[in-house]
Amino acid sequence: MAEILLEARNLAKYYPVTRGLLKRTVGTVKAIDGVSFQIERGKTLSLVGESGAGKTTTAKAILLLEQPTAGSILFEGKDICLLPPARLKMEYRPKVQAVQQNPWSSMNPRMRVRDIIAEPLEVNTRWKKKQIDCRVEELLQQVGLMPEWAERYPHEFSGGQRQRIAVARALALNPSLIVLDEPVSALDVSIRAQIMNLLKDLQEMYNLSYLIIAHDLATVRFMSHSVAIMYLGRIVEYAEGEELFTNPLHPYTQALISASVMTAQNMEENNDGRIILRGEMPSPVNPPAGCHFHPRCPMAIDRCAVEAPASEFYGTHYVACHLCE
């Protein structure tokens with residue numbers, strides 16, 4: 001049985017909406033609301049959805065950049081939300097690292113590459129300079145860069161090379177989990193495949209787990225062992241990667257896939273085979289009653305407008321949709 005590295009249970013993050021000089025609370029933004037998922041050791045989970053779905057807030061909660069309003073995060077069996085700061089620093093933060101979306105803004109332009117990669121080691125270990133320099137050299141080689149480039153500054157590298165440096169920095173402390181926020185979306189198309197192959201090679205080498213935040217389904221399909229589809233702060237479908245793409249059950253998942261994966265057969269069908277959604281995603285300040293997706297769903301029934309569907313197990317999928325019943 002696969003080892004569960006990280007598990008989120010009914011995770012929620014609410015932000016108050018204030019108004020006036022006295023900052024009177026007039027509402028609540030439910031950025032994420034009851035999100036649950038598991039990440040197995042050595043596997044990849046991708047969170048997918050439109051802008052505003054809650055993907056980045058979920059990632060920030062996992063990284064503890066945002067304190068969850070409710071729910072729990074279990075890492076190696078321990079609820080990290082209950083750990084004191086000293087134990088968090090020792091037992092969690094070194095083991096969970098992040099790679100940001102934009103390689104041009106994620107690094108200090110005044111620091112040399114050597115110092116950028118070495119910073120986590122200088123803060124979290126008592127290694128001597130020679131040990132750190134050897135580790136930096138090793139990491140640069142592993143991500144496909146020349147060790148002598150350690151004395152260069154970030155502006156001397158291309159976007160793809162910068163992202164390799166960001167990956168090297170994330171690997172410095174030998175983490176178990178890396179959170180990747182749109183890791184290739186800011187790169188040229190010709191470079192994306194190189195970075196994705198690098199990430200898969202490193203995953204196999206170090207038995208890493210990845211949490212990927214993405215909206216590009218081609219990237220998600222290539223990288224993921226399992227996929228969670230998010231809509232307005234909730235997970236609406238959760239399944240193994242290839243199973244979700246070949247047999248999507250939730251209408252929102254079907255719409256996302258039909259809009260991004262176009263086959264020759266689909267092109268000949270009515271309306272190009274695409275499912276066209278009505279309108280825009282509603283505001284999280286005032287979400288619709290019942291199923292949040294029902295105002296845009298082409299298959300909605302009366303029940304959808306008044307009753308929020310529970311996430312149920314259908315075959316190999318967890319789906320929150322009345323139509324699956």
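## Close-up views of a predicted model

The structure holds 16 salt bridges, a salt bridge being a side-chain nitrogen of Lys or Arg within 4 Å of a carboxyl oxygen of Asp or Glu. Please keep in mind that this is a predicted model, where local features need pLDDT of at least 70 and side-chain atom pairs count only at pLDDT 80 or more, while totals for chains, interfaces and linings use all residues. Residues are numbered from 1 along each chain as its sequence is written, and side-chain values use heavy atoms, with hydrogens and water left out.

**View 1. Glu91 forms salt bridges with Lys78 and with Arg87.** The side chains of Glu91 and Lys78 meet at 3.1 Å, N to O. This pair links distant parts of the chain, with Glu91 in helix 2 (residues 85-91) and Lys78 in strand 5 (residues 78-79), 13 residues apart. Helices (H or I, at least four residues) and strands (E, at least two) are DSSP runs, numbered from the N terminus. The salt bridge between Glu91 and Arg87 spans 2.9 Å, N to O; here both residues lie in helix 2, four residues apart, or about one turn of the helix. Glu91 counts as partly exposed because its relative accessibility is 25%. Lys78 is partly exposed at 39%, and Arg87 is partly exposed at 35%. For these labels, buried means under 20% relative accessible area, exposed means over 50%, and partly exposed lies in between (1.4 Å probe, protein chains only).

**View 2. A salt bridge joins Arg221 and Glu242.** Their side chains meet at 2.5 Å, N to O. Arg221 lies in helix 7 (residues 217-223) and Glu242 in helix 8 (residues 241-246), so the pair ties together parts that are 21 residues apart in sequence. Arg221 is partly exposed, with 35% relative accessibility, and Glu242 is partly exposed too, with 43%.

View 3. Side chains of opposite charge can pair when their charged atoms come close.

**View 4. The largest pocket holds about 740 Å³ of space.** It is lined by 37 residues, and the closest to its centre are Ser36, Phe37, Ile235, Tyr238 and Tyr318. On a 1 Å grid over the protein atoms alone, a pocket is an open set of points where a 1.4 Å probe fits, with protein on both sides within 12 Å along at least five of seven lines; lining residues have an atom within 4 Å of a point. Grid points are joined across faces, edges and corners, and a volume is the space filled by probe spheres set on the points. Which strands each supply at least two residues of the lining? They are strand 1 (4-19), strand 2 (24-40), strand 3 (44-48), strand 9 (226-231) and strand 10 (234-240). Strand 2 gives the most, with eight residues. By class, the lining of the largest pocket divides into 18 nonpolar, twelve polar and seven charged residues. In this scheme Ala, Val, Leu, Ile, Met, Phe, Trp, Tyr, Cys and Pro count as nonpolar, Asp, Glu, Lys and Arg as charged, and the others, Gly among them, as polar.

**View 5. The second largest pocket holds about 420 Å³ of space.** Of the 16 residues that line this pocket, Leu63, Arg93, Val96, Gln97 and Ala98 are the closest to its centre. Strand 6 (96-99), helix 3 (113-124) and helix 5 (159-171) each supply at least two lining residues. The lining of the second largest pocket has nine nonpolar, three polar and four charged residues.

**View 6. Leu64 and Glu76 have positive phi values.** Phi of Leu64 is near 60 degrees, in a residue other than glycine. Leu64 sits in the loop between helix 1 (55-62) and strand 4 (70-75) and is buried, with a relative accessible area of 10%. Glu76, also not a glycine, has a phi of about 50 degrees. The place of Glu76 is the loop between strand 4 and strand 5, and Glu76 is partly exposed, with a relative accessible area of 33%.

**View 7. Ala214 and Ser46 are 6.9 Å apart in space, C-alpha to C-alpha.** In sequence, Ala214 and Ser46 are 168 residues apart. Ala214 lies in strand 8 (residues 209-214) and is buried, with a relative accessible area of 3%.
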